[in-house]
Amino acid sequence: MKAEQIKEVFHKNIMLIGFMGTGKSTISSYLSKWLGLEEVDLDAKIVEKAGMSIPKIFEQYGEVYFRNLETEVLKEVQQREQLIVSCGGGIVLRDENVAQMKAHGKIVLLTATPETVYERVKDSKNRPILNGHMNVEYIAQLMEKRRERYEQCADLVVATDGKTVEQIGEEMMMQLLA
Ligand code: S3P
């Protein structure tokens with residue numbers, strides 16, 4: 001597929017959503033290189049805007065402040081087109097965010113089991129939501145609590161357990177082009 005065709009098919013932004021540790025950033029970088037589309041990481045945008053790390057934002061200003069910044073950067077990004085956007089795991093928690101994403105993007109949900117997520121995030125110090133709860137049981141509970149919101153938001157779903165980045169990318173493309 002030629003770059004021009006890709007840009008036509010992916011006129012809208014591709015929004016990658018899913019629980020922490022489902023591989024959104026990794027897949028985003030891969031797709032961006034593969035398709036020649038610009039990649040945007042919403043968490044990185046938040047850090048840039050706030051001038052501090054995500055754990056520091058939570059610690060100093062609390063979660064609501066973080067969520068407000070998240071909604072703000074999402075709105076900014078949605079004014080553009082043809083981007084691969086990797087979203088923070090909590091983006092689906094606000095109806096306002098979901099409406100924004102549905103209006104401007106094609107929404108891809110990445111999934112993984114709680115065990116896989118735990119293996120991927122267990123050494124992370126950058127996820128305040130899991131502070132003091134870094135275990136499979138808590139991850140499973142929170143994932144279940146959010147499951148319906150993720151599923152209702154998604155245009156398509158790709159399971160990532162045991163797959164390579166290439167396999168996930170290919171599966172996603174097949175579904176996007178179907
Ligand atoms: C969050 C997920 C994080 C980050 C913040 C909150 C969440 O992003 O936005 O720590 O509530 O699930 P990742 O999903 O990229 O880890």
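Predicted model: local features only at pLDDT ≥ 70, side-chain atom pairs only at ≥ 80, totals over all residues.
The shell around the ligand comprises 13 residues. Among these, K24, D43, R67, R127 and R146 come nearest. By class, the shell residues divide into five nonpolar, three polar and five charged.

R67 places a side-chain N or O atom 2.7 Å from a ligand oxygen. D43 also contributes through its side chain: a polar atom there lies 2.8 Å from an oxygen atom of the ligand. Both R67 and D43 belong to the group that comes nearest to the ligand.

Charge pairing within the protein was considered next. Side chains of opposite charge can pair when their charged atoms come close. The structure holds 12 salt bridges. One of them joins the side chains of K49 and E76, with an N to O distance of 2.4 Å. This pair links distant parts of the chain, as K49 and E76 are 27 residues apart. K49 lies in helix α3, which spans residues 42-50. E76 lies in helix α5, which spans residues 63-77.

Terms used:
Residues numbered from 1 in each chain as written. Heavy atoms only, no water. Near = heavy atom within 4 Å. Polar contact = N/O pair within 3.5 Å; in protein donor to acceptor, adjacent residues only side chain to side chain. Nonpolar A, V, L, I, M, F, W, Y, C, P; charged D, E, K, R; others polar. Salt bridge = Lys/Arg side-chain N within 4 Å of Asp/Glu carboxyl O. Helix = DSSP H or I, 4+ residues; strand = E, 2+ residues; numbered from the N terminus.
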